[in-house]
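I'd like to walk you through one protein model and its side chains, so please have a look at it with me.

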Amino acid sequence: MTSPNPGKRRMNTDVIKLIESQHEVTILGGLNEFMVRFHGPKTTPYDGGVWKIRVDLPDKYPFKSPSIGFMNRIFHPNIDEASGTVCLDVINQTWTPMYDLVNVFESFLPQLLTYPNPVDPLNGDAAALYLHKPEEYKAKVREYVKKYATEEALKAQEQHKSYQNGATSSSSSGASCSSDAGSSGSLDAAKGSSKNNGKTNNDESSESSMSEFEDDDAPGMEL
């Protein structure tokens, strides 16, 4: 058995270290793709907020910085409000291979939320408020925290997501049931027709209709 390359070993080590440091990590698609619950730093308007942070580690990690994105909304000059993407320049200017994932969540992100960089914004409205109307900026941040980043808000988002998934599943099941009903109707019609054509034709029609029924009824087959 071949041993993993040094980059892969470093990736595995850093993810395990992050988990052991008491951060809540949910693995999504392997150790290079996961989600981490991040709490807003105290003494900032983000205090009390909880965000789900998606992390994707590139193949060249740790020589290339991880991709970091907020999965629930946040109002910040360096974070895109719609996608949750963190400004790459902000990450790349700070990142070196000496950092690990614990540094991201215990140093980098707290510093980013405490000291935004409005000169290089992804959210122009947030940057303008931060520079020219700081009190309005703080109020807007707190508004977003209350609406999108409390434990209650996260639960509501999860329930809404589950409801949407359930509705999609029910819609798919309904289509399948309609298909089955149509097949049953064809079967009954074939049987009715066969009664008028004698026993031999009845057997042949039933077998043919049942074959069609079985074909139609075959299955078509979530830090």
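Thr43 is found in the loop between E2 and E3, and although Thr43 is not a glycine, it has a positive phi of about 65°.

Now the ground rules. This is a predicted model, in which local features need pLDDT of at least 70, side-chain atom pairs count only at pLDDT 80 or more, and totals for chains, interfaces and linings use all residues. Residues are numbered from 1 along each chain as its sequence is written, and side-chain values use heavy atoms, with hydrogens and water left out.

On confidence: pLDDT is the predictor's confidence in each residue, from 0 to 100. The average for the protein is 78, and 69% of the residues score at least 70. Over residues 169-223, pLDDT stays under 50. For that stretch the model has 27 contacts beyond four places in sequence, where contact means heavy atoms within 4.5 Å. Where pLDDT is low, the predicted coordinates should not be read in detail.

Next, the overall layout. The protein has seven helices and four strands; these are DSSP runs numbered from the N terminus, helices being H or I with at least four residues and strands E with at least two. Read from the N terminus, the order is α-β-β-β-β-α-α-α-α-α-α. Of the 223 residues, 33% count as buried. The accessible surface is about 13,700 Å², and carbon and sulfur atoms hold 52% of that; the areas come from the Shrake-Rupley method with a 1.4 Å probe, and for residues only the protein chains shown count as cover.

Now to the aromatics. A pair of aromatic rings is described by the distance of the centres and the angle of the planes. Rings of Phe, Tyr and Trp (for Trp, its six-membered ring) pair if their centres lie within 6.5 Å; planes under 30 degrees apart are stacked, over 60 edge-to-face, and the rest tilted. How many aromatic pairs does a search of the whole structure find? The search finds nine. Take Phe38 and Phe105: their ring centres are 6.4 Å apart and their planes are at 55°, so this pair is tilted. Phe38 belongs to strand E2 (residues 33-39) and Phe105 to helix H3 (residues 101-114), so the pair links distant parts of the chain, 67 residues apart. Both Phe38 and Phe105 are buried.

Another tilted pair is Phe75 with Tyr144, at 5.3 Å centre to centre and 45° between the planes. Phe75 is in the loop between strand E4 (67-70) and helix H2 (88-94), Tyr144 is in helix H5 (residues 134-148), and 69 residues separate the two. Arg73 lies over the face of Tyr148, 5.9 Å from the ring centre; a charge sits over a ring if NZ of Lys or CZ of Arg is within 6 Å of the ring centre and within 35 degrees of the ring normal.

Back to Phe105 for a moment, from another side. His23 touches Leu18, Val36, Phe105 and Glu106, leaving out residues up to four places away in sequence. The side chains of His23 and Glu106 are joined by a polar contact of 3.1 Å, meaning a pair of N or O atoms within 3.5 Å; within protein, one must be able to donate a hydrogen and the other to accept it, and residues adjacent in sequence count only if both atoms are side-chain atoms. His23 sits in the loop between helix H1 (6-20) and strand E1 (25-27) and counts as buried at 18% relative accessibility. Gln22 is in that loop between H1 and E1 too, yet Gln22 counts as exposed at 71%.

One last stop, for anyone who likes backbone geometry: which residues does a cis peptide bond join? The bond joins Tyr61 and Pro62, with omega about 10°, and Pro62 lies in the loop between E3 and E4.

Definitions and conventions
Buried means under 20% relative accessible area, exposed over 50%, partly exposed in between (1.4 Å probe, protein chains only).
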